[in-house]
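Here is a short briefing on how two chains meet and how one of them is built. Keep the structure open while you read.

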Amino acid sequence: MDKRGSVSPSYDDLTPGIPDALSSESVSQLALFLHEDLKRKASEGHAVLYACLCRSPTHQITKSPDPLLAVARDFSPRVMVVSDVEVLLDVSGLGRLIGEPPAVAAELGRALQKAGMGEVRVAIAPTQTAARLMARQLPLDCARGRPDYPITPLPNIFVTALQPLETLPPGMNHRDRARPYETFERWGIVTLGDLVALPAAALSSRLGRRGVALQRLARGLDPTPFVPDGETPRYIGRLELEWPLEALEPLSFVFARLLEPLSTALERADRGAIAVRLDLRLTDRQVHARVLPLPAPMRDPRVLRTLLLLDLESHPPSAAVDVVSIELDPAPARITQFSLLARALPSPETLSTLTARLSALVGASRVGSAALLDTHQPGAFEMTRFAPAPAPAPLAPSAPSALLAPSNGAGAHSADGAKGALLRRQRTPPAIRVSVEHGRPVYLAAARRGMPQGAVTQAAGPWRTSGGWWARPDPCRAGGRGPGHRAEDDACRAQGHGPGHRAEWNRDEWDVALTSGVVCRIFQDRVTDRWFLEGTYD
Amino acid sequence: MMGWTGVDGVCGAALDNGHYINSPPRRSRGCGDRRAENRSYIRGLQRRLIRRGVEHILAPTGEEKAKMRAALESLLHARKLDVTLTPTPGALAPLPERLAPTGCPDLDAALGGGLRRGHLSEITGAASSGRSRLAAQAMAAATARGEAVAIVDACDTFDPASAAAQGLVLSRVLWVRETGDAPRALKACALILQAGGFGLVVLDLADLPPVALRRFPCATWMRVARIIEGRETAAVIVGRERIARSAGGVTIALDATPARWQGTAHRARLFDGVEPAPRVVRAR
């Protein structure tokens, strides 16, 4: 899919029940099916709808900009000029503002009349090709008084099916310029409906891909996705300051002044910002550029301003700010349907602000959601972005959990510990001294206060585990570590390891209970023969 | 009593007997005498008022009692201090929607359905008493209900693997780890509580030294409790001892119990976990 474009829904998706081969008699059935499906999709609001504005080829453009294009841009930010006489626009979201597709078409007709456009056809269909085909068979004065729009009246689709093959829009697919009309004529295929009714496999075997492509066009399928023109409005705000700003507080007012009109423009276009690009030109002629990807399209200026300020708190500019430039990357606005049964989750705006605040407080690598890794390495996980999905199940009283039920005794030793306890894991296992008698630990001596120590009353083990020997030595382990390794430490921390992490492990693990009642897991590194405290059960 | 304002801006009040409070100096009589008279009169008045009030409070009728209680309750409610009221025997229990079940049927029964939403509760106990497991169970129960939960892990000891083995849906858990010190952990917790939308927020302070926690003034915990008051969030502090003592929340104390082991032979022994022995300690 093109970055700026969107894939149109195919008639195959819309009409899953239509067989490839249709008899001539079933053209009307096809038309009826398409019509009902269009009505249903449009009523559900899920359909992607395109409007085609088609003017007379003899019409002379006397104004600049082109009034047809101007009217199209007034109605939708996604406009594509397909030829000198045709303009396509995406009218998918207008149903909520104007109403049903006929109402949208009527509104377009009125706007064209107001703009002084005389002979213009207006057609709305779920694909570009269908919209163009229908616009071609409408009378030229449809925008003046006698609108005859293709969504509501069934005869239009009949008429479309009865159109000659030459009405297929040119230039939709550059590979099909040399069209096999003569072959079709010899076969007795005259109308679009006849072509649609041909079996696709037989057509492919005789005419190859060109024939199939023409049949797809006749069925209204789009050969290429809808790609809006490059003149999609950009949401940029720029302000040259009268004097340089060093503190963040005055910058917040500048951000508010820039973001509020941008947010209003986004709201008018029914768009949200999916990323914020901030460029600060500094007094030392450097440009401090920041890009904030957002988890969901949003346009609340207060939220965006807070996110920018929090990001600048974490990444302050090196000098005073001279020029502020903010660009918002637009995306289709988010439509949220809340449930009366499911408990509400924090909104993306709230979560973004909260995550930014927490990241500024404790560091970005220490905030998020844990995801377990597919490895046997003890304590391995990675931090991911916290984005809870809505629960599919309705709110129900919690079922009695089996978690507190007495264990059935089948709990073997695992890397996660016993199921009847939670391990409080030390990210960097501290070294301990362990006295061993007959191969079993009998006494733990802690190296510092607060750590469990004492005689061992119960011990279970050893369980030998090893792995990671195939990996390269961890760069953050090699050599001396100075304060300049903070970034590496953060990377290790984001993967669930302490700063002194080693990729390989080879050790004997023990679960021991001490006289103080504390149960902890210790292990002996088989490479260095040193003992470490992995954590305590709680 | 009549109020008046002097030409020099000094305000005073004329009492019924002609005496004045904050009376202006008079040249005819000594200022010291007049002030002494006023003070003695006011003391007498106070004594009479207190005596009458005490008599009124000590010997009210049933109707007066109800009126007084209603007035007091409305005052406390206006100041958001009604959680300090002792519930009357016939008072209604909290609605089930205002409770967050912990996932432990026995404990939920003792709590009247679960932890109270909008209040600050505590889980206290020594190491290996099962407090972390209980907190993980409450979080797992919340994620099973489709709620988002958060844990502020002051010492970075939360183990996702063993928590997932307890049934916790990790993708619904916001984990703030290694905050370093108690004030920062508390600030992170306050940010999460202020954001709202979480069903359960756990502040894990179990590995911090109690001395560091006792440095917090009581008002700190009252402010935390005030943040979530009336919200859908249940906040839980996991620690060694009670620190917050919130009026609306509960304290679940876990007594140390011996760990469960399987097998008797040295080489065939397995650690089977700890069995929490929760004891609900009311705030009052």
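The points below cover the interface, then two sheets of chain A. The model is predicted. Chain B and chain A bury about 5800 Å² between them. Chain A also holds an open sheet in the order E5-E8-E6-E7 and another in the order E2-E3-E1-E4.

**Interface: extent and make-up**

- On the chain B side, 69 residues are in contact with 65 residues of chain A.
- Of the area buried between the two chains, 58% is on carbon and sulfur atoms.
- The rule finds five salt bridges across the interface of chain B and chain A.
- Arg427(A) and Asp156(B) form a salt bridge through their side chains, at 3.0 Å from N to O.
- Polar contacts across the interface of chain B and chain A come to 21 residue pairs, with both residues at pLDDT 80 or more.
- Several elements of chain B give two or more residues to the side that touches chain A. The helices are H4 (131-144), H5 (160-165) and H6 (182-195) of chain B. The strands are E8 (173-177), E12 (260-262) and E13 (270-273) of chain B.
- By class, that side of chain B has 32 nonpolar, 17 polar and 20 charged residues.

**Interface: strand pairing between chains**

- Strand E9 of chain A, residues 367-372, pairs with E8(B). The sense is antiparallel, over two bridges.
- Gly368(A) stands opposite Trp175(B), which belongs to E8(B).

**Chain A: sheet E5-E8-E6-E7**

- This open sheet has four strands, and the pairing is antiparallel.
- Strands E5 (235-245) and E7 (287-298) of chain A stand at the edges. Each has a single partner strand, so one side of each is left without a neighbour in the sheet.
- From one strand to the next, the twist averages 15°.
- E6 (residues 271-282) and E8 (residues 321-332) of chain A pair in the antiparallel sense over eleven bridges.
- Leu282(A) stands opposite Val321(A) of E8(A).
- Helix H10 of chain A, residues 248-268, packs on the sheet and touches E5, E6 and E8 of chain A. The direction of H10 makes about 165° with that of E5(A).
- Helix H11 of chain A, residues 301-314, lies across E6, E7 and E8 of chain A. H11 runs at about 135° to E7(A).

**Chain A: sheet E2-E3-E1-E4**

- Four strands form this open sheet, with antiparallel pairing.
- E2 (79-81) and E4 (120-125) of chain A are the edge strands, and each pairs on one side only.
- The twist averages 20° from one strand to the next.
- E1 (residues 50-55) and E3 (residues 86-90) of chain A pair in the antiparallel sense over five bridges.
- Tyr50(A) has Asp90(A) as its bridge partner in E3(A).
- Helix H3 of chain A, residues 67-75, lies across E1, E2, E3 and E4 of chain A. H3 runs at about 5° to E3(A).
- Helix H4 of chain A, residues 101-114, lies across E1 and E4 of chain A. This helix runs at about 155° to E4(A).

Conventions. Residues are numbered from 1 along each chain as its sequence is written. Chains are lettered from A and ligands numbered from 1 in the order in which they are written. This is a predicted model: local features need pLDDT of at least 70, side-chain atom pairs count only at pLDDT 80 or more; totals for chains, interfaces and linings use all residues. Side-chain values use heavy atoms; hydrogens and water are left out. Contact means heavy atoms within 4.5 Å. Buried area is the accessible area (1.4 Å probe) that two parts lose on being put together, summed over both. A salt bridge is a side-chain nitrogen of Lys or Arg within 4 Å of a carboxyl oxygen of Asp or Glu. A polar contact is a pair of N or O atoms within 3.5 Å; within protein, one must be able to donate a hydrogen and the other to accept it, and residues adjacent in sequence count only if both atoms are side-chain atoms. Ala, Val, Leu, Ile, Met, Phe, Trp, Tyr, Cys and Pro count as nonpolar, Asp, Glu, Lys and Arg as charged, and the others, Gly among them, as polar. Two strands pair if DSSP finds at least two bridges between them. Axes are lines fitted to C-alpha atoms, for helices over the stretch in contact, and angles run from 0 to 180 degrees between N-to-C directions.
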